[in-house]
Amino acid sequence: SRFREHTVALFAKHGMTNVGYWTPVENAQRKLVYVLSFPDRAARDASFKAFGNDPEWQAVAKKTEANGPLVAKIESQFLQTVDFSPAVVPSVSETPRVFELRTYTTTPGNLDRLLARFRDHTMGLFVKHGISHFAYWVPQAGQPTADNTLAYLVTHRTQGSAAAAFQSFGQDPAWKAAKEASEKDAGGSLTTPQGVISEFLVATDYSPTR
């Protein structure tokens, strides 16, 4: 409610671009996941400083936390889009869709190989099998996982269609050939064991992307 009624507008007031707000389909951790964009880190820091000093925000925070804090923990990561990512802009689909956040952790020295495989093969094959692109990122330099992480958002009609799409993708001879060639070049898997994490998300009613 605080985001819906106050925070989103205050973010925009202070120069932040609200890209999207989601909650996990299975949300035992009571998470809200959101993406903001900025021209650069300096602009981000200036926007958050102005937001934090805004009397309207201070009054809202005081009122909504009268009975205790609403947030147990905040995790923030600075990301930059990769060269093959679509432009990260808010969008509203005419039909319902579910978002899937996928995070890959690569084996040492293989992030560039993974990115090349996505650029040259995976992106096109996703489209072929009905998986829609939203955004692809790597952590900015200086982030703890900058040298081994790819994170991306794709969309599906339903979780069921997502499972069917990835099953057909995995069986595609073109994918098998690309995977085999890239792993031969690397001398093994490009990702660590359990190095692919998937989380399904649903957009909030106030999200600019839904």
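My entries follow, topic by topic.

**Ground rules**

I am working with a predicted model, where local features need pLDDT of at least 70, side-chain atom pairs count only at pLDDT 80 or more, and totals for chains, interfaces and linings use all residues. I number residues from 1 along each chain as its sequence is written, and side-chain values use heavy atoms, with hydrogens and water left out.

**Overall layout**

I started by looking up the secondary structure and found six helices and seven strands. I take both as DSSP runs, numbered from the N terminus: helices are H or I with at least four residues, strands are E with at least two. Along the sequence I read α-β-β-α-α-β-β-α-β-β-α-α-β. The C-alpha atoms fill a box of roughly 60 × 40 × 30 Å along the principal axes.

Next I checked burial, and 39% of the 210 residues count as buried. The cut-offs I use are under 20% relative accessible area for buried, over 50% for exposed, and partly exposed in between, with a 1.4 Å probe and protein chains only. I also looked at contacts, meaning heavy atoms within 4.5 Å. Of those with a separation of 6 or more, 74% are between residues 24 or more positions apart.

**Nonpolar cores**

I then went after the nonpolar cores, which are sets of buried Ala, Val, Leu, Ile, Met, Phe, Trp, Tyr and Cys residues joined through side-chain atoms within 4.5 Å. The largest has 21 residues, and F84, L115, F118, F126, Y136, L150 and Y152 have the most contacts inside it. At least two of its residues come from each of α4 (111-128), β5 (132-139), β6 (149-156) and α5 (159-171). The largest share is from α4, with seven residues.

Once I set aside neighbours within four places in sequence, F84 touches L115, F118, R119, M123 and Y136. Apart from this core I found another, of 12 residues, with F3, M16, F51 and V60 among them.

**S47**

Is S47 buried or exposed? It is buried, at a relative accessible area of 7%. Beyond neighbours within four places in sequence, S47 is in contact with H14, G15, M16 and F38.

**Largest pocket**

Pockets were next on my list. On a 1 Å grid over the protein atoms alone, a pocket is an open set of points where a 1.4 Å probe fits, with protein on both sides within 12 Å along at least five of seven lines, and lining residues have an atom within 4 Å of a point. Grid points are joined across faces, edges and corners, and the volume is the space filled by probe spheres set on the points.

The largest pocket holds about 2100 Å³. It is lined by 47 residues, and L32, V33, Y34, E75 and S76 are the closest to its centre. Which element gives the most to this lining? That is β2, with five residues. I sorted the lining into 27 nonpolar, 11 polar and nine charged residues. For that I count Ala, Val, Leu, Ile, Met, Phe, Trp, Tyr, Cys and Pro as nonpolar, Asp, Glu, Lys and Arg as charged, and the others, Gly among them, as polar.

**Second largest pocket**

The second largest pocket comes to about 220 Å³. Of its 16 lining residues, Y104, R117, W175, T191 and V196 lie nearest the centre. β4, α4, α5, α6 (173-186) and β7 each give two or more residues, and α4 gives the most, with four. The lining splits into eight nonpolar, four polar and four charged residues.

**α5 against α6**

W175 turned up again where these two helices meet: F169, G170 and Q171 in α5 meet P173, W175 and K176 in α6. The contact is made of three nonpolar, two polar and one charged residue. The helix axes come within 5 Å and cross at roughly 65°. I use axes fitted to C-alpha atoms, for helices over the stretch in contact, with angles from 0 to 180 degrees between N-to-C directions.

Last, I noted two non-glycine residues with positive phi. R30 has a phi of about 60° and is in the loop between β1 (17-24) and β2. R30 is exposed, at 69% relative accessible area. Q194 has a phi of about 55° and is found in strand β7. Q194 also counts as exposed, at 73% relative accessibility.
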